[in-house]
Structures are given as structure tokens and as C-alpha cells.
Amino acid sequence: MSAQAKAGPSSRMPSARMPSARALGVTALILFLGFLTVYPFGMLLYGSLHSTPPGMAGEFNLNGYKEAFNTANLKILFVTIEIALAKTVPSLLLAVLLAWIVARTDTPWRGKLEVLISLPFFIPPILTAMAWAMLGNPQVGLLNTAWKAMTGATASPINVYSFGGVVWHMIQYSTPFLFLFIVDIFRAMDPALEESSRMCGASPWRTFRSITLLLMTPALTNAFILSFIRGMENFESPLFFGTPAKITVVTTEIYNSIHHHATPDYQYATAISFLVMMLMFLMVFVQWRILRGRSFQTVTGKGYSPSVIKLGRWRWVTFGFCILFFIVTVVLPVAQLFIGSFFKFFGFYQADMLTLEHYESVWSSSEIWRGFTNTMWLGLMGASATMALGSIVAYISTRTHWRGRRLIDALAWLPWMMPGMVLGIGFLWAFAMLPGPIPIYGTIWALLLAYVALGTPVSVRVMSSAYAQLSYDLEECSRVHGATFMQTLWRILVALAWPSFAVGWVLAFFGIMRELSASVLLYAVGSEVLSVVLMKLWANGQAEQVSVIGLFMMLLVILFRWVQLKFLNSRFGQA
């Protein structure tokens, strides 16, 4: 046993029969990952220095950066950072509270509450944005109308077209995102340190503040940075709630400079995108400096079971709080879409306005059906390609000592630091500058490659965790019996890690359904996805048809989530 332990993974891994073939495969993988990450990143720099749109002759200068650094744009950057912080801090606090309730208390039906709390993460933000634009409209919003009818008031208590409205909507889906990161950290933490603190006389609050939160510092800083990055890259909330209030952030400024100018200003938009990328890298560097050299180990070889705090009668208060979160983030938006789909005009909820014509219009619209078909095709193909790529990258980076594996791992993680809007700009330049025989620009393949790039970091993380639980004996036995590298990877490792592969596939599929910021830059006529179709309908004032499509998308999300919980979780239980 000691000899095996000293030998490590490299001695357990069978050597390839054809080293040249392995080197060729690794090189091909590096080139493909470089095409998905380094190439668009490099084209961001190129585009920020080039004076004309992609594919046109021009000169190199710094005009884009000069324009990006003017007073108005510095104010836009400040507003973007302000909004990102304003939503990240309360989202993180709320996620920690919800995760603590689910993982460490005796609140009733915690398993079901975990499903309900995480559900908003799987709903495309564009749907909830449109629903809340109808719920909180200061003139005819359903909540404001109901409030006036009940109280006789003349003023509307809710106005989503404001700074608070932007932050409010971002909190609703940022909290479930952070909750999914944090809840398992609470479960994995050894409670011995907390118990020792209590035995020494510390109060529950001081124990939570001085022990629990301190031990969770790596997870919380990771969650904070990821949430902040998502806040910086957010497009739906500022577009729907900020634009009417004349609130501009980086993503809407990039979008407007390309789509709402008589002559698209690609150099200016690309310069801003490149500066945002640099800011993201700076944040990651700061986090690394903060955590370097510090130890936060709490999971050891000693067995333990997470302690559950008895709340007594307060457990029904925590239960009610979780249900309230679900009602606000899911029930109200779905109810608005359901009600809005049956009335002839948005805001006029009288019995004589009931109609089914919006369902008929959606059913007979070729553009909507094309968007649905494109979305499903991209979801199925994109999720499958993302998980296949993630499985190979995770295998090489975690279970081999092959030369180039660190570079492969770094390339796969690079898109995590590239907001969707920024990556979209990079790919827009990258595809436009490809030689003529490679017709990707303006096709559905441009969207597919962008989705694979955005989803690869998640797929690598999911599969790396799954591979870590598998013994090297299994693949060694497979290779001894003559199986090739790909046969061993697919028939042994992926087969045994199938539950994680399937969960990652579902996450990638939902990620594609949710994506708007990159899609709105890369789509062309004929390659529209549902999120783009929804945005166009909303801009044309067709809120009623938006409600119908949104309702069907909500039902699709719930159906896929049910399939995941019903079948994939059962496979986890069997694994």
C-alpha cells in the first residue's frame, strides 16, 4: 500500500502505446481550447486597437481607449461596480442564511425547501425580468394595481424602473446561485470546532461569526467574486429596469454602442470589454493574495456528522422565510405570466378582455418556432459537446501527469473570467476575422462555440469532482485488457461518473437556455434563440405574447428540473 501511495497517479496510469498519438491529441486539445479562449481574448485586444468594424480595412490607434476613459464612461463603470456590490452583499448574506437553515437546522421539509430555493437559478433571467416589469410597472403593474384597489391609495408603492429595481431583480437569481455553492460547505464542515467554541462560553452568534464564517472564508470569497463578476456582466436587469430610468452600465453601453448607433462603434465597445476583462483578472489576483498561505482545513479522516441546531418554535419562522423567498422569486413571476397570457392588453385585467388569441399568435409564428428549434438544438448539442470536452479536460488535468495538462486546465478555466457580453464581443471579432473557407460568422455555429466556451469551466469542475472518487485500478484494468484511451474514458470513467455527467449536462443545458448577453451579439437572421426572440417581442410592445412564451419556457424549466431530481438523483443514490 505504501509503495502504491508513493507511486502516485503517474505510475498508476498506463502509458500510451503511441506517444506521438498522445502528443498529437494533447496538442489538438490545446489548440481547440485556445481557439475557444485565447483567440477571442486576443481579438479583444486587436479590436480595441483597430479603427474600423471587423473585416474592414483600417488603422491601429488608441481612440477606443481614449473614448472609454472619458468622464461619462468612468461614471458608467462606477455605476456598474456600485450595482454589482449592491446586489452581491445582500445576496451573499441571504444565501448564507438560507444555506444555514437548510443544512444546519431542524427546519421542516428541508430537502424540499432546498429544491424550491434553488429553482430560480434554472429560470432564464429574461423571463423573470419581463414578469417583474409587468408586476412592478408604476402605472399598470399588477402589484401596484392590487395595492391601489385594496387601500384606495393613488401612488404606486413599487417602481421597478429604478436603481433599486435593477438590484432587486439581480438579487432574486443571484441568491440561488450562491446558495448552491454554500449549502454543501455547511454540510461538509466538521462541527467539532463550533462545539468547542460553545463549550468555552461563546454565544451562538459569536461562534457563528468567529468560527463558522472564518472557516468558510475561501468559499465565501469565491462566491463573492463569482457573484460580483455576474453582477458586472449582467445584461437583462439593467436593460429592462435601468434603461427606462436612464441607468447605464457597462453591458448596456457595449450593446448600445453596437446596436443603437447609426454606425456601430466596435472599437469603443471592444476597448470597454477588454478593460472589464482586466478588472476581472485583478479581482482574482487580489483574492489569491488574500488567501495565500492561510489554512482553512476542516475535513479530516476523522468521522463526523453535521450537527443540527434545534430551533424549537422558531423552525416554523425559518420555514416560512424559505417559502416567502420561493413565492417572491418563482410564484409571483409565473402567476404574472399566466395571467398576462389570457388578457388582450397588458394592464387591463377585466373579464371582457379575456382571450386566447395570444396563444394562437405564438402557435402560428414561424419566428418563434424557429427560435424554439434553435434553442433546443443548441441546448442538446451544446450541453453534450460541453460535457464531452469537460470530461476529457478533467481527466487529463486531474488523473494524469501528461505534459501540457496545466496549460489545458488554465485554458479551460479562462472563460470563467470572461463575462458573456465580453466573450460575445471577442467571438464577434474572432469569427469575422477567420479566413473565407471557415464560414462561422453569422451562423448558428457561432452561438454553439460561444456556449461551449461559457459552459466548459462548469463541466470541468463537475467531472473533476466525480473523477476524484474513482480508483486508478479501474482504468488500469481496462487498459491491460486492450482498451484504448477513449474507450477507457467513456466506458469506465464516464460510465461510473454518469450521475455527475448527467447533472453537469442539465446545468449546461439550462445555461444555454438562460444565455442572452452573448447571444444578442452573435445571432443572425435565421439563428435566433428564444431569449433573443423574447427581447425583440418585448421591444415591439408585445408583452402578451411574451407572457405566453415565457409561460411555456417556465413549464419547460420545471419539467427538466423534475426529470433531474426524479431520475438523476436516484442514480446518485445507486452510485
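A helix here is a DSSP run of H or I with at least four residues, numbered from the N terminus. The model is predicted.

**Exercise 1. Classify two ring pairs.**
Take F342 with Y359, then W369 with F372. Name the geometry of each pair.

*Solution.* 
Step 1. A pair of aromatic rings is described by the distance of the centres and the angle of the planes.
Step 2. Planes under 30 degrees apart count as stacked, over 60 as edge-to-face and the rest as tilted.
Step 3. The rings of F342 and Y359 have centres 5.2 Å apart and planes at 35 degrees, so this pair is tilted.
Step 4. This pair links distant parts of the chain. F342 sits in the loop between helix 16 (314-340) and helix 17 (357-364), while Y359 lies in helix 17, 17 residues apart from F342.
Step 5. For W369 and F372, the centres are 5.9 Å apart and the planes stand at 85 degrees, so the pair is edge-to-face.
Step 6. Both W369 and F372 belong to helix 18, residues 366-399. They are three residues apart, about one turn of the helix.
Step 7. Check accessibility. W369 is partly exposed because its value is 37%. F372 is partly exposed because its value is 32%.

**Exercise 2. Describe the surroundings of S531.**
Is S531 buried or exposed, and what does S531 contact beyond its neighbours within four places in sequence?

*Solution.* 
Step 1. S531 lies in helix 26, residues 530-539.
Step 2. Relative accessibility is 3%, so S531 counts as buried.
Step 3. Leaving aside neighbours within four places in sequence, S531 is in contact with I126, E515, L516 and S519.

**Exercise 3. Explore the core.**
Which residues touch the most other members of the largest nonpolar core, and which helix gives the most to this core?

*Solution.* 
Step 1. The largest nonpolar core has 160 residues. I182, F241, F427 and Y467 touch the most other members.
Step 2. Helix 21, residues 444-467, gives the most to this core, with 14 residues.

Notes:
Residues are numbered from 1 along each chain as its sequence is written. This is a predicted model: local features need pLDDT of at least 70, side-chain atom pairs count only at pLDDT 80 or more; totals for chains, interfaces and linings use all residues. Side-chain values use heavy atoms; hydrogens and water are left out. A nonpolar core is a set of buried Ala, Val, Leu, Ile, Met, Phe, Trp, Tyr and Cys residues joined through side-chain atoms within 4.5 Å. Buried means under 20% relative accessible area, exposed over 50%, partly exposed in between (1.4 Å probe, protein chains only). Helices (H or I, at least four residues) and strands (E, at least two) are DSSP runs, numbered from the N terminus. Rings of Phe, Tyr and Trp (its six-membered ring) pair if their centres lie within 6.5 Å; planes under 30 degrees apart count as stacked, over 60 as edge-to-face and the rest as tilted. Contact means heavy atoms within 4.5 Å.
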